[in-house]
Amino acid sequence: MKYFDKILLSLVIILISATSAFAEVRLASWNVKRMNSENKNLEAMVQIASYFDLIALQEVMEEESVYNLVKEIQKSTDSEWGMMVSHPIGRGTYKEMYAFIWRKSHIQYLDSAVVYLDDRDVFAREPLSARFETKDKSTFIVSNVHILYGESKKDREPEIIALRRYWDWLAETFPNEQYFLMGDFNMNPDEDSFLPLYEVASPVILDGATTLSNTDGKYANLYDNIWIPNNIDGNFKAGILDFPQILKWTHSYARDVLSDHAPVYLTVYSYKEETGLYNSNPYEFTEVPNETLFVRANKNSLIFHLPDCPNYDDMATSANLIEFDTKEQAETAGYRMAKNCSLN
């Protein structure tokens, strides 16, 4: 990336600036790996979530699981927590939900919860944003996003590039607010597809990695992050919470019972509210075409067909049809590609 070092320098300058007018809060983002009410070690999840005041969760599969988490975290912390869960979002039959949970003694939900109206249909899972307020009445927007993984970086690029258009939309919708864009971006922040977003924002995590490798203590990719406005003047601390080490778990066990992603966090000690406001014209760029596959599969035979397979069109009217965004999703669900696909 041609100006990644400059962004790093400017972020360091921002992070050491001492300011006032903000009650300290701890914001976090966590991909909780297909969270449902039966597949998580809830006690461990409560322990990790208790470190923060507001958490954006990705890959929530059912609302009840968030309700159970909030109920248990209230018992553990002896404080009241709020929750918000989106409707199921996604293409085909695979859908997941975004969620926010927050400690009410530090943060309150204010208003403006909205799933992005993606008129260009670039995002497989459109981001969810909401406006929150600290106990000293400072307000800010938090946006929750999970970028489609796909088959390769090429499949992720359209959504990464479109994040700049999303940021511009936030600015038009909430012109007097600061934005914290957090989630699982499925790309390291030094990729060129982030260049449009770098014009207005910076990632708070620049080193390290967030996805658990199979080797204890080792992480593979810096996919999870929090982006903040370039022009915000504040005092922040950011990091990655090594939850397997805290829980004294192996990576293999952590991946099985909790998540293959570590939470990322941003502690906001203070910031000047008149800074961080959007001050740029909309970015002009050529978007990369979205090449999501839309795999069609048979629920009985567990065989899937790609768009260029001979029987792909026939599957559209099958009573046993199930669809996936990508080949990888189908394979993860236990399906195999039709043999005649390889003949094309």
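Asp-53 is buried, with a relative accessible area of 1%; buried here means under 20% relative accessible area, exposed over 50%, and partly exposed in between, with a 1.4 Å probe and protein chains only. The residue sits in the loop between helix H2 (42–49) and strand E2 (54–60). Helices (H or I, at least four residues) and strands (E, at least two) are DSSP runs, numbered from the N terminus. Contact means heavy atoms within 4.5 Å. Leaving aside neighbours within four places in sequence, the contacts of Asp-53 are Glu-24, Val-25, Arg-26, Trp-81, Ile-101, Trp-102, Arg-103, His-106 and Ile-107.

This is a predicted model, in which local features need pLDDT of at least 70 and side-chain atom pairs count only at pLDDT 80 or more, while totals for chains, interfaces and linings use all residues. Residues are numbered from 1 along each chain as its sequence is written, and side-chain values use heavy atoms, with hydrogens and water left out.

Asp-325 is in the loop between strand E15 (321–324) and helix H8 (327–332). Its C-alpha atom is separated by 8.7 Å from that of Leu-148, 177 residues apart along the chain.

The structure holds 19 aromatic pairs. Rings of Phe, Tyr and Trp (its six-membered ring) pair if their centres lie within 6.5 Å; planes under 30 degrees apart count as stacked, over 60 as edge-to-face and the rest as tilted. Two of the pairs share Trp-227.

| Pair | Centre to centre | Angle between planes | Class |
|---|---|---|---|
| Phe-194 and Trp-227 | 5.1 Å | 20° | stacked |
| Tyr-198 and Trp-227 | 4.9 Å | 70° | edge-to-face |

The stacked pair of Phe-194 and Trp-227 links distant parts of the chain, 33 residues apart: Phe-194 is in the loop between strand E8 (179–184) and helix H5 (195–198), and Trp-227 in strand E10 (residues 224–229). Phe-194 counts as buried at 1% relative accessibility, and Trp-227 likewise at 1%. Because Tyr-198 lies in helix H5 and Trp-227 in strand E10, their pair ties together parts that are 29 residues apart in sequence. Tyr-198 is buried, as is Trp-227.

Elsewhere, ring pairs link Phe-100, Trp-102, Tyr-109 and Phe-132 into a cluster. Trp-102 is also one of the contacts of Asp-53.

Charges also sit over rings, a term that requires NZ of Lys or CZ of Arg within 6 Å of the ring centre and within 35 degrees of the ring normal. Arg-156 lies over the face of Tyr-149, 3.9 Å from the ring centre. Arg-296 lies over the face of Tyr-312, at 4.2 Å from the ring centre.
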